Amino acid sequence: MSAHKTFFAVAAAGCLALASCAAPLDETQQPWALPDAVPLPPQASIEQPGTHPGAQVLTTGLQGSLRPDGRTPEERVPRIMERGYLLVGVDQSQNLLSFRNPATGELEGFEVELAREIATDIFGDPSKVDFRFVDSSDSVFALEAKQVDIVIRAMTITRERQDQVTFSTPYFSAQTRMLSFNETEIHTVEDLAGKMVCVTDGSTALQRTRRLAPEATIMKVRGAADCLVALQQNQADVIVSDDAILSGIAAQDPYTRIVGDPIATELYGIAMATPGAKHDTDGLVRQVNSTIERMREDGTWWKLYEQWLSKYQDTPGPPELAYRDEDNEE
Amino acid sequence: MTAVGSLDTPQDQQDHWLDSVGTAKQRGRHPAVSLIQESFGQPLQTARTTLNFLATSPGLMTMMTILIAVAIGAAGWSMAESSNQRQVALQELLNTTEPMSNSAHNLYTSLSVADTMATTGFAQSHEESEDSRQRYSEAIQKAAISATETAAGVSDLSTRELGLIAQIQQQLPVYTGLVEVARTNNHAGRPVGAAYLAEASALMRDQILPAAKELFELTRQAVTNQQSELTKPQWIPLSGLVAALIFLGIAQHWLRIRTHRRFNKGFVVATMFMLIALLWVSTSNWVNWHAGTKGFAEASTPLSSLANARIIAQQARTEETLALVRRQDLVGGNNSFNSAMRRIETTLNDYSASPIAAHNNNRTHADQARSAVESWKTNHEELARLQGTGKYDDALALALGPSDKAFTDFDANMATLISDARSNLRSYIIDGLVATRLVSGGVLTLSWLAIIAVVLGIRPRLQEYL
């Protein structure tokens, strides 16, 4: 009996050594097995460490916006008045800023309310808004193609973007931070080395991550919600974004929290097509700025902040108004 | 000249010398030679006798009879074998290949329906989404069953078909998982549900549906190939039968000259048997060819184009709903919607013009499908108009109400037409099978009877010589 056992053991060992003899019985050999059963979020792409140097995000020496004048909305935005509603490009799933309430199907959030305030100042009716979802990559195109009048999409005012669009005076001040699971080992930017970092494609966070964490692998996705999906599917280790956005993510998953010190400060502006031969948007910029000024003064800004964001973060309050000195120009 | 002369003389001398030695050797017989003679001497003798016999009239008759019997036997056997193979292949087509293709079609359609329903349910508020949810669950159930059925038709473990099924079977649970996560998040009021649904839909549209489409096309092609292979006339065995008949004719002509009798009863009967066999086989071949040709025109082609049109409609519906959910411009997507509708209309018009439309209530269903498309198109234009004037809620209500009804009507009518085309296809295959049934045994029996008739027919003639 022991001789038999020895024989089988030897035979088995032989089979292990010779893959061919074990092949028909080898349970690990699954010719049809897919390498990754769970897909990455749609249109996600992976960037290996050090393949992109990352551009400097220039947020100093910014050009100021256009100061509101004393004109009426009819005089400033006659085309929009004629149409009867404002076309606003927003993110489709930026929790707390602009998102679709799953229970009611209505769009809600700080930025959605901001759009409604602008509509109120133009039409006297907060419902005169038609929202369109735009990705960060196609916001500029949507403005140029006149698909939308304005884009409110947590867009940081940078010098590079000012070459493409004109911003309102900043309506929100945010800080770039990191978010991961509660028990994460990531506490500083240095800890990102060797990790999979999820960022929104085209965001300032992408540029900052490339520069500050050259040894990190970067997953670029369409929006912050896709980053949460990647985190929950264990495809990403950490998300780098602004605290306003990360708050919306932390609010949806109690296993996550915002970690580390602020990496940078970001000022959000409402984007519009640059006034010129093609776009008659000078009045629109001033109209939008007048609403932002009103919200600062009558407490609406604080009301919205309390409603949506105060539970999850702190704020220095509404950012300073930033207008260019038009008397000195030409 | 001199060279030839010089060679001639020694050769002559050598010949003489060889002759004398040769006779001496024969007397003393080499053991090998004697072995050869002992082994083959008797058979050689028999062969010589046989040849002598065959040179006589009865000998020739016997030889001819054997040749004809062999020719008839070979032709009959080859035809029987070929018909038998054809019968087996037709059975396989009917019981394995066609059902597999049908399952693949069901798989493709139900996956597409599942995606449409998941998207629609997402766009709806809670109460309305119950119906979509029900349809989604049914579609997933049907897809799982269809995938299993399709896999059961795969005979070779290394085929592309199995690879595709394995891919779908691995990704389908992931898809349903993602849809459930999306749903749960929605119910908990978390907007990340939208991101999960987008991931699920991308998985379905970019990976699962293309695999299902390829699988459907492969299996459909297999049916078409097998069918056209089986409807070709059996030229080689047929020519064997014709050759046997020609032999019979020549033999009778020869017999008439030899025996001065106009007819040999046995040979005439044998000819009759072989003619019956030939007629039978030809009829069976013709029925098969006819069934195949008609089946291709009236069932196989409409089946493929109807199935494609149905999927195109489902994808257009998903696009339309997704555009609303994503608040994208419908006008931008209009080109693809319009071209989808044009393709569907062309398919329906071709269908109505084809003979299959005359069957059952097909024309009515095609008309209903067409008017559903009309109503859908009108709704779609209205949808784009509403969206263009900022009336998003009205647009959504229209998309989930009248548009949904138009699409559902269209889909139901298409399902009926597809199911009818399929039963047509099967009945044509069954026609071929019925025509092939008994051919094998029949031809074999007739051939044996013909051989017996030939033997019986030649017997009295041979006896005349004994």
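Across the interface of chain B and chain A of this predicted model, six residue pairs are in polar contact, both residues of each pair being at pLDDT 80 or more. A polar contact is a pair of N or O atoms within 3.5 Å; within protein, one atom must be able to donate a hydrogen and the other to accept it, and residues adjacent in sequence count only if both atoms are side-chain atoms. The model is a predicted one, in which local features need pLDDT of at least 70 and side-chain atom pairs count only at pLDDT 80 or more, whereas totals for chains, interfaces and linings use all residues; side-chain values use heavy atoms, with hydrogens and water left out. Residues are numbered from 1 along each chain as its sequence is written, and chains are lettered from A and ligands numbered from 1 in the order in which they are written.

The side of chain B that touches chain A draws at least two residues from each of helix 3 (57-123), helix 5 (160-187), helix 6 (192-231), helix 10 (362-388) and helix 11 (392-400) of chain B. Helices (H or I, at least four residues) and strands (E, at least two) are DSSP runs, numbered from the N terminus. Helix 5 of chain B contributes the most to this side, with nine residues. By residue class, the side of chain B that touches chain A holds 16 nonpolar, 13 polar and six charged residues. Here Ala, Val, Leu, Ile, Met, Phe, Trp, Tyr, Cys and Pro count as nonpolar, Asp, Glu, Lys and Arg as charged, and the others, Gly among them, as polar.

In total, 35 residues of chain B and 31 residues of chain A take part in the contact, defined as heavy atoms within 4.5 Å. The area buried between chain B and chain A is about 2800 Å², and carbon and sulfur atoms give 56% of that area. In chain B, the residues that lose the most area to chain A are B:P191, B:E199 and B:R327, together 24% of what that side buries. Buried area is the accessible area (1.4 Å probe) that two parts lose on being put together, summed over both.

Between chain B and chain A the count of salt bridges is zero, while over all chains it comes to 35. A salt bridge is a side-chain nitrogen of Lys or Arg within 4 Å of a carboxyl oxygen of Asp or Glu.

In chain B, the side chains of B:R310 and B:D411 form a salt bridge (3.0 Å, N to O). B:R310 lies in helix 8 (residues 265-325) and B:D411 in helix 12 (residues 402-436) of chain B, so the pair ties together parts that are 101 residues apart in sequence. Both B:R310 and B:D411 are buried (under 20% relative accessible area; exposed is over 50%, partly exposed in between; 1.4 Å probe, protein chains only). A salt bridge also joins the side chains of B:R317 and B:D404 (3.4 Å, N to O). This pair links helix 8 to helix 12 of chain B across 87 residues. B:R317 is buried at 1% relative accessible area, and B:D404 is buried at 12%. Salt bridges with shared partners join B:D131, B:R135, B:R317, B:E320 and B:D404 into one network.

In chain A, A:D298 and A:R294 meet in a salt bridge (3.0 Å, N to O). Both residues lie in helix 11 (residues 282-298) of chain A, four residues apart, about one turn of the helix.
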